[in-house]
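Thank you all for coming. I would like to take a few minutes to walk through one structure, and I will ask you to keep the view open while I talk.

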Amino acid sequence: MSEAAFPLLGAAFVFVVVLPACALLVKLALVALERGRAGGPLELRYLLLTGSSALPLAWLVSASLHQLEPGKSVLACLFEHADATLCAEPAAFAFVLGASTLALSLGASRRRRAARPARSEAARALLARLARVVASEPGLAPLAGRMVVTDEALAIGTRGWLRPEVVVGLDFAGELSDPMLAGALAHELEHVRSLDPLRYLAVELALAVNPLGRFLLAPHAARWLVAREAECDREAVLGGAAPLPLAYAIVRAARPSPQLAVALGSPELAVIEYRVRMLLAFAERAPARHGAARPRLLPASLALLGLTLLLPHQTSSAALDVLHTGSERALVAFLP
């Protein structure tokens, strides 16, 4: 019976104590950042939101695998087993922890119904128009061949995790002039370049697997999303989009209910007003990029995750050893 203590009680301890504690620490850090005038760097806020769950889970799984290495699991496994070389508890713990995380992630990772490409003559005409708009704006060149037209009730958005593409609603585009459409495409281009559908999914998963993540961090994630949309507006203007046509496109996109994970519009009036006011200010005084180009977040995130996975193998997994032996001691103490 004690052989099942660490995989089951250890995993329960992670979800009941470790992850909520990490969420609380991250919330305190985010509150301190958001008290600043600019709300803190978006990249740092994103790393805190996703790292609140991803980094502890990565360290625990890696540390449990470290216990399986020759000579590494002896201290933890000798408590109940004479032959520690046959101890399978670390592998079982990693399996239970990974399976539990996957189960909690299923709801968040369930993709929304993908928009069906339209096949009508009007759709083909719009696709040709989009190609002309992209060809006329050098900054939109990366979108060539990565646009889809749909006749469903949506405005415009970006879909796809590793190779995003822009989905444009037929009715929405029909109400926009070419400069307005170019501004909307420039906004979506920033989402495409930054792999935002994948990044948004990572935030959603981080909140889903943490029992207190959504309660503690969801408001901060919502504020990060609003700031991210505003940043895409600014990047679009810096890339050459006209602020006023883009502002009109944002207002128009907010009218239908967005059905994509990354959308130009937002149903919240305060968010729309904030973004439109910012673009009106840009029309009077163009924004300027200060300093070097923004660092890309994906390489930094992968490097931090890789460091977390390697750390137990380079130092030790003493904290996991304590959890390992503590789970077995707790079971022995409470069972008659």
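This is a predicted model: local features need pLDDT of at least 70, side-chain atom pairs count only at pLDDT 80 or more; totals for chains, interfaces and linings use all residues.

Let me begin with the strands. Strand β1, residues 147-150, pairs with β3 in the parallel sense over four bridges, while β2 and β3 pair in the antiparallel sense, also over four bridges. How enclosed is β3 by the rest of the structure? Four of its five residues are buried, so β3 is largely enclosed. As for β1, M147 and V149 point one way from the strand, V148 and T150 point the other way, and all of them are buried. As background, side chains in a regular strand alternate between the two faces of the sheet.

The connection from β2 to β3 deserves a moment. These strands form a hairpin with five residues between them, and G160 in the turn has a positive phi of about 105°. W161 is found in the loop between β2 (156-159) and β3 (165-169), and it counts as partly exposed because its relative accessibility is 35%. Which residue lies 34 positions from W161 in sequence and yet 6.5 Å from it in space, C-alpha to C-alpha? That residue is L195, which sits in the loop between α7 (178-193) and α8. L195 has a positive phi of about 55° although it is not a glycine, and at 17% relative accessibility, which is under the 20% cut-off, it counts as buried.

Turning now to charged side chains, the structure holds 14 salt bridges, and I have picked out three of them. In the helix α5, residues 121-136, R124 and E121 lie three residues apart, about one turn of the helix, and their side chains meet in a salt bridge at 2.8 Å, N to O. R124 is partly exposed at 48%, whereas E121 counts as exposed at 55% relative accessibility. In α11, residues 269-284, R277 and E273 are separated by about one helical turn because they are four residues apart, and their salt bridge is 3.1 Å, N to O; here R277 counts as exposed at 55% and E273 is partly exposed at 39%.

R228 forms a salt bridge with E231, the closest N and O atoms being 2.6 Å apart, and R228 counts as buried at 1% relative accessibility, as does E231 at 15%. These two also belong to a network of salt bridges that links E190, D196, R199, R228 and E231.

Finally, the pocket and the patch. The second largest pocket has a volume of about 760 Å³ and is lined by 28 residues, of which T50, A54, A202, L205 and L305 lie nearest its centre. Which helix gives the most to that lining? It is α2, with 10 residues, while α2, α4, α8 and α12 each supply at least two.

Terms used. Residues are numbered from 1 along each chain as its sequence is written. Side-chain values use heavy atoms; hydrogens and water are left out. Buried means under 20% relative accessible area, exposed over 50%, partly exposed in between (1.4 Å probe, protein chains only). Two strands pair if DSSP finds at least two bridges between them. On a 1 Å grid over the protein atoms alone, a cavity is a set of points where a 1.4 Å probe fits but cannot get out, and a pocket is an open set with protein on both sides within 12 Å along at least five of seven lines; lining residues have an atom within 4 Å of a point. Grid points are joined across faces, edges and corners, and a volume is the space filled by probe spheres set on the points. A salt bridge is a side-chain nitrogen of Lys or Arg within 4 Å of a carboxyl oxygen of Asp or Glu.
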